[in-house]
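Work through the exercises below with the model open beside you. Try each task before reading its solution.

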Amino acid sequence: MTTTTEKPPAHDAMLGGDGYNVSPHFCSLGFNGVDGSGNVVNITAGHCDQSSENAGGPDATVAAEGISAGGPRFGAFDFPHPDGIDFSTIKIDKAVAKRFENNFVRGLGGKPLAITGIADPVIGAPVCKSGTTSGFTCGVIWRVNQTIDNELGTTKGLILATNICALPGDSGGPVLTGTKALGISTASNSQTQKECDETSGPDVADFDHPHEYVTPLKAILAADPGLKVRTN
């Protein structure tokens, strides 16, 4: 019986959970993938593109490295944010595509964690998210098929994960159960690390614990036929 070790990503690889900016805002990269036309893409939150109607055209929102304006461009939004599903794809520029041709996200301590497949949400299952603001944090799946209404509109079919800290800037980052891709970070009830810490105690009501809403990956793939997540 032969076993193999996952080859680590290149030193300059871009992984899920890394920050990117769409000046003046910043978000987190989600899962690396390939679209139906064979383009290298990253799957992230649709609300990170505030000009979604221009996605895929000459005026598409540009994505740049880092969380501050002025970083090098690596791609542009290529898929309009569908009604009710908070996701989009960033089409990666050919000059830097190799940096995104990997199946890794930032795990605990920023170490690369390989994605090995795709999962359906199971209530009570462990769930972790990776984001540029609060890093790698974990909780449990509490509810499924949730709907929220906020300034971004109505978003449906969401996974609700509890006892998990997610903060502004984590939007778009990958959410996983074990090493299986589960979804993309969409929204949370915390704005600061202090809020997460203060609402994590045993005397706090369940719904007041830190929680986040997750757009299921399978809903994303169904909305964009041909889109695939890198799993090896």
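**Exercise 1. Strand pairing**

In which sense do strand E10 and strand E15 pair, and over how many bridges?

*Solution.* The model is predicted, so local features are reported at pLDDT of at least 70 and side-chain atom pairs at pLDDT 80 or more, while totals for chains, interfaces and linings use all residues. Residues are numbered from 1 along each chain as its sequence is written, and side-chain values use heavy atoms, with hydrogens and water left out.

Step 1. Recall the terms: strands (E, at least two residues) and helices (H or I, at least four) are DSSP runs numbered from the N terminus, and two strands pair if DSSP finds at least two bridges between them.

Step 2. Locate E10 at residues 117-118 and E15 at residues 180-188; they pair in the parallel sense over two bridges. Gly117 stands opposite Lys180 in E15.

**Exercise 2. Other partners of E15**

Which strands run antiparallel to E15?

*Solution.* Step 1. Strand E14 (residues 174-177) is joined to E15 by four bridges and runs antiparallel to E15. Here Thr177 stands opposite Lys180.

Step 2. Look at the turn: E14 and E15 form a hairpin with two residues between them, and Gly178 in the turn has a positive phi of about 65°.

Step 3. Strand E16 (residues 211-216) is also antiparallel to E15, with five bridges. The bridge partner of Ala187 in E16 is Tyr213.

**Exercise 3. The largest pocket**

Find the volume of the largest pocket and describe its lining.

*Solution.* Step 1. On a 1 Å grid over the protein atoms alone, a pocket is an open set of points with protein on both sides within 12 Å along at least five of seven lines; a cavity is a set where a 1.4 Å probe fits but cannot get out; lining residues have an atom within 4 Å of a point. Grid points are joined across faces, edges and corners, and a volume is the space filled by probe spheres set on the points.

Step 2. The volume of the largest pocket is about 540 Å³. Its lining has 23 residues, and His47, Glu151, Pro168, Ser171 and Thr186 lie nearest its centre.

Step 3. Strand E2 (25-28) and E15 are the elements that give two or more residues to this lining. E15 supplies the largest share, four residues.

**Exercise 4. The cavity**

How many cavities of 30 Å³ or more does the structure hold?

*Solution.* Step 1. There is one such cavity. The volume of the largest cavity is about 40 Å³.

Step 2. Residues lining the largest cavity include Phe31, Asn102, Ile115 and Arg230. Strand E3 (31-34) and strand E8 (104-106) each supply at least two residues of this lining.

**Exercise 5. Aromatic rings**

How many aromatic pairs does a search of the whole structure find?

*Solution.* Step 1. Rings of Phe, Tyr and Trp (its six-membered ring) pair if their centres lie within 6.5 Å; planes under 30 degrees apart count as stacked, over 60 as edge-to-face and the rest as tilted.

Step 2. The search finds five pairs. One of them, Trp142 with Phe207, is tilted, at 6.0 Å centre to centre and 40° between the planes. This pair links distant parts of the chain, 65 residues apart: Trp142 is in strand E12 (residues 135-150), and Phe207 is in the loop between helix H1 (193-198) and E16.

Step 3. Ring pairs also link Tyr20, Phe74, Phe77 and Phe100 into a cluster.
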